[in-house]
Amino acid sequence: MSLRTQDLGIRIGSGTPGPHNAITDVAGVRVGHSSLHQDLSDSRRVRTGVTVIEPRGGLARNQPCFAGISVLNGNGDANGLEWIREAGLLTTPIALTNTHSVGIVRDALISLERESLAVGDNSVYWTMPVVMETFDGLLNDINGMHVKAEHVAQALRVASSIRPQEGSVGGGSGMICHEFKGGIGTASRRLSSDEGGWTVGALVQANHGRRDELRIAGYPVGRLLADIPSPFHSPLAYPGMGSIVVVLATDAPLLPHQCTRLAARAGTGIARCGGGTEDSSGDIFLAFSTGNLGLPMADYQHKGALTTPVTMVNNDHISPLFAAAADAVEESIINALLAAKTMSGNGGNRAEGLSAERLMKALHQLGWVAQ
């Protein structure tokens, strides 16, 4: 298993990671990947997949979560976000995939949910699954539409609460980050008991950024790594094209507008690594809270009570959650870079992995000292 940020003595912020240092440190959250890495006989290369995040065990619509959305730059696509903005509720799993597979992943999630209902269950509910994307067309034969319904089912089937695999897996299989191989990364922060004892976990699909802007722990390491070949070598492919999507989970009892505020702090973590300034990047963030139980199920046939009691974090005490979110996102991006290995892909394109050794050399050259 690859070394992670904390293994190298790199400390992001002053907070404490959870046991897995992953989004799955939030109780009930499960993550599963299905990866497609194939070399076809006609010379096409498949480097893609799907990643699924389940907010709670069982059907999400039976136990909805409060949720919120934030968009730093909208050059991207996502399904199912408008109802979250309107109602503040997450009622489906969240899937991450490539740009041209959003539709099939959405349709598969709808079919799988209907298949999971008990015989005779005639629930009246429209399903609008959340599917987020980034573009993997440099390394992957994106127009081949290789992600199928069975891959979505596989990701759900293997979803678990252990630390998710990072790097070139699932939806992150063919992604590029700061001109290195990128993909899936995750991290978490657990607040002290005085701050509430809650956990914030992040998972990113990192496919964004320019090499010369890359910063690790505040140090501009990208400037010292220019000799490593970039995958962007034609007028049609230029550094900074791509996107990053972020999912934040917390067990703190946040209301929808507070989830929106938490989601916005993902942009801070991205900026610390040198991202977030590209016109061509779709930077879309979702945050959900598992802290309120017993919200009415999303089913028109089974209406909830006239009112539902909920709990919220007092805004006087919400700042530590914001700091935790920013730190977890920043570390997730670095974890994605460290985990992703060099990959050759479609059209002869190649993305080099950022080795821990080369990163540490650059940090030491800039005067970094382990804390």
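Lining the second largest cavity are G80, W83, I84, L89, L90, T91, T92, Y125, W126, M128 and V130. Two elements give two or more residues each to this lining, namely α1 (81-87) and β5 (89-90). Helices (H or I, at least four residues) and strands (E, at least two) are DSSP runs, numbered from the N terminus. The model is predicted, so local features need pLDDT of at least 70 and side-chain atom pairs count only at pLDDT 80 or more, while totals for chains, interfaces and linings use all residues. Residues are numbered from 1 along each chain as its sequence is written, and side-chain values use heavy atoms, with hydrogens and water left out.

The volume of the second largest cavity is about 50 Å³. Its lining comprises eight nonpolar, three polar and no charged residues. In this classification Ala, Val, Leu, Ile, Met, Phe, Trp, Tyr, Cys and Pro count as nonpolar, Asp, Glu, Lys and Arg as charged, and the others, Gly among them, as polar. On a 1 Å grid over the protein atoms alone, a cavity is a set of points where a 1.4 Å probe fits but cannot get out, whereas a pocket is an open set with protein on both sides within 12 Å along at least five of seven lines; lining residues have an atom within 4 Å of a point. Grid points are joined across faces, edges and corners, and a volume is the space filled by probe spheres set on the points.

Two of the lining residues, W83 and W126, meet again as an aromatic pair. Their arrangement is edge-to-face, at 5.6 Å centre to centre and with 85 degrees between the planes. Rings of Phe, Tyr and Trp (its six-membered ring) pair if their centres lie within 6.5 Å; planes under 30 degrees apart count as stacked, over 60 as edge-to-face and the rest as tilted. Distant parts of the chain are linked by this pair, since W83 is in helix α1 and W126 in the loop between α2 (102-116) and β7, 43 residues apart.

Strand β5 also belongs to an open sheet of six strands, ordered β5-β3-β13-β12-β11-β10 with mixed pairing. Because β5 and β10 (183-190) are at the edges with a single partner strand each, one side of each has no neighbour in the sheet. Two strands pair if DSSP finds at least two bridges between them. Strand β3 (residues 65-74) runs antiparallel to β5 and is joined to it by two bridges; C65 has L90 in β5 as its bridge partner. Helix α4 (residues 256-264) packs on this sheet, touching β3, β12 (243-250) and β13 (282-289), at about 40 degrees to β3. Contact means heavy atoms within 4.5 Å. Axes are lines fitted to C-alpha atoms, for helices over the stretch in contact, and angles run from 0 to 180 degrees between N-to-C directions.

A further open sheet has five strands in the order β1-β2-β6-β7-β4, again with mixed pairing. Strands β6 (residues 94-98) and β7 (residues 130-134) run parallel and are joined by five bridges, with A95 opposite V131 in β7.

Turning to the open space, the largest pocket has a volume of about 350 Å³. Of the 19 residues lining this pocket, L89, P296, M297, A298 and D299 lie nearest its centre.
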